[in-house]
Amino acid sequence: MATITTETKISDNFANDIKEVAIQAILQAKDQALKSEYPLYMSKKEAADYLHISLGTLNDWIDTSDIPYKHIGKTYRFNRNDLDKFMATK
């Protein structure tokens, strides 16, 4: 059986454009998957997991930083969108 090989040449600009579109699609898919794993309002543990930090670090940020949260009685709640905005400024 004979094997037929063909080769197609594309410009570097076109190849880079394809690469950039693929990277953006992967990042968007990753972002959507991550957001679907976590509720809009999270506990301290969920927020620490979401931010990939320890619970101790989150507690330090609560004490010393302007991390957005709501404190109702003994309960802390963190809005996922507010955390995303907060981390974008870090």
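**Entry 1: Asn79**

I located Asn79 in strand β3, which spans residues 75–79; helices (H or I, at least four residues) and strands (E, at least two) are taken as DSSP runs, numbered from the N terminus. The model is a predicted one, in which local features need pLDDT of at least 70 and side-chain atom pairs count only at pLDDT 80 or more, whereas totals for chains, interfaces and linings use all residues. Residues are numbered from 1 along each chain as its sequence is written, and side-chain values use heavy atoms, with hydrogens and water left out.

With residues up to four places away in sequence not counted, Asn79 touches Leu40 and Tyr41, contact being heavy atoms within 4.5 Å.

**Entry 2: Helix α2**

I examined helix α2, residues 44–51, and noted Ala47, Ala48, Tyr50 and Leu51 as buried. These residues lie on the same side of α2 because they cover an arc of only 160° around the axis, the arc being that of the directions from the helix axis to the C-beta atoms. Just after α2, I found His52 with a positive phi of about 60°.

**Entry 3: Nonpolar core**

I turned to the largest nonpolar core, which has 15 residues; such a core is a set of buried Ala, Val, Leu, Ile, Met, Phe, Trp, Tyr and Cys residues joined through side-chain atoms within 4.5 Å. Leu51, Leu58, Ile67, Phe78 and Leu83 have the most contacts inside this core. At least two of its residues come from each of α2, α3 (55–64), β3 and α4 (80–88). The most is given by α2, with four residues.

For Ile67, leaving aside neighbours within four places in sequence, I recorded contacts with Leu51, Leu58, Trp61, Ile62, Leu83 and Phe86.

**Entry 4: Salt bridges**

How many salt bridges does the structure hold? I found two, the criterion being a side-chain nitrogen of Lys or Arg within 4 Å of a carboxyl oxygen of Asp or Glu.

One joins Asp49 and Lys45, at 3.1 Å from N to O. Asp49 and Lys45 are separated by about one helical turn, because they are four residues apart in helix α2. Asp49 is partly exposed at 35% relative accessible area, and Lys45 is exposed at 53% relative accessibility.

Glu7 and Lys9 form a salt bridge as well, with the closest N and O atoms 3.2 Å apart. Glu7 is exposed, with a relative accessible area of 63%, and Lys9 is exposed, with 71%.

**Entry 5: Aromatic pairs**

I noted four aromatic pairs. Rings of Phe, Tyr and Trp (its six-membered ring) pair if their centres lie within 6.5 Å; planes under 30 degrees apart count as stacked, over 60 as edge-to-face and the rest as tilted. The pair of Tyr69 and Phe78 is tilted, because the planes are at 40°, with the ring centres 6.0 Å apart. Tyr69 is partly exposed at 32% relative accessible area, whereas Phe78 is buried at 0%. I recorded Tyr69, Tyr76 and Phe78 as one aromatic cluster.

How values were computed: Buried means under 20% relative accessible area, exposed over 50%, partly exposed in between (1.4 Å probe, protein chains only).
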